[in-house]
Protein chains: 2
Amino acid sequence: MYFSCPQNVLATNLGFVSRAVAARPSHPILANILLETDGEGGNVSLTAFDLNLGIQVKFPAVITQEGSITLPSRLLNDIVSRLPEAEVTLQVDLDTSTAVLLCGSGRYELRGLPAAEFPQLPQISQGQISYLPVEAILAGVNGSLFAAANDETKRVLTGVHVKVQPQGLEFAATDGHRLAVVEIPYSEEEAALPPQAVANLEVTVPARALRELERMLHHYGEGMIAVQFDETQMVFQGVQQMLTARLLDGVYPDYNRLIPQQFKYQVTIERKTFVGALERVAVLADQKNNIVKITIDELNQEIALAVDTPEVAAGKESLPAQVAGGNLEIAFNVKYLLDGLKAVNTTDVILQMNTPTSPAVLKPIGGTKITYLVMPVQIRV
Amino acid sequence: MYFSCPQNVLATNLGFVSRAVAARPSHPILANILLETDGEGGNVSLTAFDLNLGIQVKFPAVITQEGSITLPSRLLNDIVSRLPEAEVTLQVDLDTSTAVLLCGSGRYELRGLPAAEFPQLPQISQGQISYLPVEAILAGVNGSLFAAANDETKRVLTGVHVKVQPQGLEFAATDGHRLAVVEIPYSEEEAALPPQAVANLEVTVPARALRELERMLHHYGEGMIAVQFDETQMVFQGVQQMLTARLLDGVYPDYNRLIPQQFKYQVTIERKTFVGALERVAVLADQKNNIVKITIDELNQEIALAVDTPEVAAGKESLPAQVAGGNLEIAFNVKYLLDGLKAVNTTDVILQMNTPTSPAVLKPIGGTKITYLVMPVQIRV
């Protein structure tokens with residue numbers, strides 16, 4: 001194996017795939033990246049795989065001799081990213097699994113492991129290929145991922161539940177305290193394209209895989225991406241990039257029945273003003289239990305946010321709002337409210353409530369259809 | 001006490017002084033910042049003091065009622081920095097030591113402690129005032145501070161030794177493995193100014209105080225700053241800002257006698273090229289003991305940097321250099337070399353050596369006069 005390419009091409013692609021390298025590899029080869037020439041197209045491919053998440057990228061290179069090897073990800077990354085902006089040559093002695101990296105004044109010899117020992121990325125033999133709009137996936141991930149559980153013991157809740165339906169996509173995430181649901185209908189153009197979606201696809205994708213998918217799609221740009229899946233795996237196939245994710249097992253909660261259909265109280269408020277005021281009272285709420293009390297005042301068409309930490313400090317913010325339904329006192333975990341408000345980008349949002357102890361819903365006005373359900377916190381009067 | 005000022009003025013000044021607030025205060029009031037009106041000038045002053053380092057700033061404000069109070073630094077900072085860009089009003093009830101902060105839609109009540117309980121910043125009654133050039137202090141700190149010991153048990157070595165002499169300033173720092181000495185002669189203009197320097201001033205200033213002084217002087221700009229000191233304290237007095245530092249006790253090593261006066265070998269090399277190559281071999285050196293082997297080759301007028309971590313990787317960089325004195329093999333801790341090379345900003349540097357086991361010296365060519373002494377590492381052949 002022998003190829004050359006510009007330093008920045010190799011550095012960028014190594015940086016990209018290395019995110020799928022296991023932090024604590026259970027086997028030495030899982031700390032490595034697989035480098036392969038593709039035999040004909042003049043491309044080099046890099047693959048990283050931690051047995052759950054796999055990332056593969058291809059890039060053009062001047063290939064003098066075909067071949068493949070695995071090399072330690074961190075060392076290779078750290079050296080290549082520091083090389084001068086010049087042509088890099090990688091020369092591999094397959095007998096000794098040793099690679100020599102040449103660039104400018106430097107010569108680096110790295111001991112690797114044979115490519116044959118590297119685990120294969122999962123192949124999906126059955127199941128048709130769907131094409132999904134990149135923009136829709138990004139909007140769905142962005143509007144839901146933050147609400148997934150961080151606690152690994154919550155298993156299926158650590159992922160985002162994705163439904164591919166004939167009319168569009170639905171993304172949902174919940175950690176048991178709040179729930180975000182994003183509905184993205186296909187555009188007429190998208191819906192008119194050949195069979196792009198499979199009715200009744202419902203999978204739960206791990207948060208980590210979606211974070212990497214987000215990164216990949218940001219580079220990928222607009223258009224459609226090919227998606228293939230079976231019971232256990234999902235594969236996103238771009239032109240130069242591929243991501244495979246092992247799906248999360250288990251039944252995802254039937255979240256739609258948790259969302260109230262009718263509300264007694266409704267507050268429409270400027271989002272950035274609401275965020276600013278919440279962030280200030282959060283400084284005090286952080287001292288105690290993160291609870292902010294919201295007083296909704298229909299007469300004055302305003303809401304007041306209050307936090308009281310006796311003996312230390314007290315804060316109050318009064319904000320103009322369009323209030324309908326009457327007056328109400330209700331309390332929330334301020335962090336949950338902020339998470340939801342920051343996941344949307346519209347000018348205004350609407351907060352809908354029934355009682356101080358039943359679920360409230362926050363929605364952007366305009367933009368992507370996001371329904372963010374938050375449970376209020378019960379406070380002693 | 002009652003004053004108003006723009007939010008960004010209060011936020012900036014709070015952020016600046018808060019760096020002197022103790023991380024783990026031994027007494028509740030040391031977690032607070034002292035706020036005072038100055039009685040006549042229409043200024044508010046903020047003071048933080050951890051009993052070693054003290055910082056005070058003054059800024060103009062609209063003062064409606066004179067007074068003083070101490071308020072919790074972190075809470076005050078966190079709230080004020082998040083307030084909208086508008087006028088902030090601080091209203092203090094001295095009887096209850098409670099402050100009310102008003103800005104835009106918000107009202108924040110903070111419980112403080114009486115100003116009388118706040119420890120006084122050290123006063124230096126005797127000792128004349130010197131005026132030192134800000135540029136010279138910055139150059140001296142920048143060229144030496146990095147070589148001070150981080151390990152608190154090394155006491156006097158955790159500071160920078162400063163000598164104020166009639167002809168200029170000298171800064172020195174060492175952690176026992178390397179030594180940086182910066183000599184800064186006064187310009188003719190500076191030397192001609194009225195008694196600005198005190199012969200034989202020798203003090204050791206804690207690294208933390210110098211880091212904060214650096215920050216303060218970067219804002220302070222050019223010109224001279226007043227410096228006053230006695231056996232235990234040093235006070236830097238700017239127009240709006242003041243910094244007091246408790247000096248480090250103990251005899252500072254007589255470092256000048258450690259610096260060899262003559263050298264057998266001499267290498268002149270482009271600094272950035274040297275840094276780049278060292279950073280790459282450092283990736284490998286980091287795997288083992290941080291040792292880089294340097295082979296100095298007079299015939300080919302080049303030096304080679306080599307790191308070998310058997311079974312993992314090996315790296316070599318060859319760099320053009322002006323070599324005088326013959327061939328030599330010598331090894332260094334790569335981190336120490338990099339620290340010294342990064343503390344200077346000249347195009348070229350000179351490395352002078354005698355034997356593989358005696359001190360080497362690195363100097364910038366041009367720029368500030370810095371002498372950086374590094375002990376080589378003995379390697380088995």
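Chain A is divided into domain 1 (2–117), domain 2 (130–256) and domain 3 (259–374), with bounds that come from an automatic or database domain assignment. The C-alpha centres of domain 1 and domain 3 of chain A lie 50 Å apart.

Before we go on, a word on the ground rules. This is a predicted model, in which local features need pLDDT of at least 70 and side-chain atom pairs count only at pLDDT 80 or more, while totals for chains, interfaces and linings use all residues. Residues are numbered from 1 along each chain as its sequence is written, chains are lettered from A and ligands numbered from 1 in the order in which they are written, and side-chain values use heavy atoms, with hydrogens and water left out.

**Where the chains meet**

Let's look at the contact (heavy atoms within 4.5 Å). Chain A and chain B each bring 30 residues to it. Together they bury about 2,500 Å², with 52% of that on carbon and sulfur atoms. Buried area here is the accessible area (1.4 Å probe) that two parts lose on being put together, summed over both. Of the area that chain B buries against chain A, 24% comes from Ser105(B), Tyr108(B) and Arg280(B), more than from any other three residues.

What holds polar groups across this interface? There are 16 residue pairs in polar contact, both residues at pLDDT 80 or more. Such a contact is a pair of N or O atoms within 3.5 Å; within protein, one must be able to donate a hydrogen and the other to accept it, and residues adjacent in sequence count only if both atoms are side-chain atoms. Between chain B and chain A there are zero salt bridges, a salt bridge being a side-chain nitrogen of Lys or Arg within 4 Å of a carboxyl oxygen of Asp or Glu.

On chain B, helix H2 (73–82), strand E9 (106–111), helix H6 (271–285) and strand E21 (313–320) each supply at least two residues of the side that touches chain A. Helices (H or I, at least four residues) and strands (E, at least two) are DSSP runs, numbered from the N terminus. The largest share, seven residues, comes from E21(B).

**Strands side by side**

Two strands pair if DSSP finds at least two bridges between them.

| Strands | Bridges | Residues standing opposite |
|---|---|---|
| E21(A) and E9(B) | five bridges | Ala313(A) and Leu110(B) |
| E19(B) and E20(B) | five bridges | Ile294(B) and Leu305(B) |
| E20(B) and E21(B) | eight bridges | Ala306(B) and Lys316(B) |

E19(B) and E20(B) form a hairpin with four residues between them, and Gln301(B) in its turn has a positive phi of about 50°. In the hairpin of E20(B) and E21(B), three residues lie between the strands, and Glu311(B) in the turn has a positive phi of about 75°.

**A salt bridge within chain A**

Over all chains the count comes to 22 salt bridges. One of them joins the side chains of Asp339(A) and Arg178(A) at 3.0 Å, N to O. This pair links distant parts of the chain, 161 residues apart: Asp339(A) is in helix H7 (residues 334–342) and Arg178(A) in strand E13 (residues 178–185).
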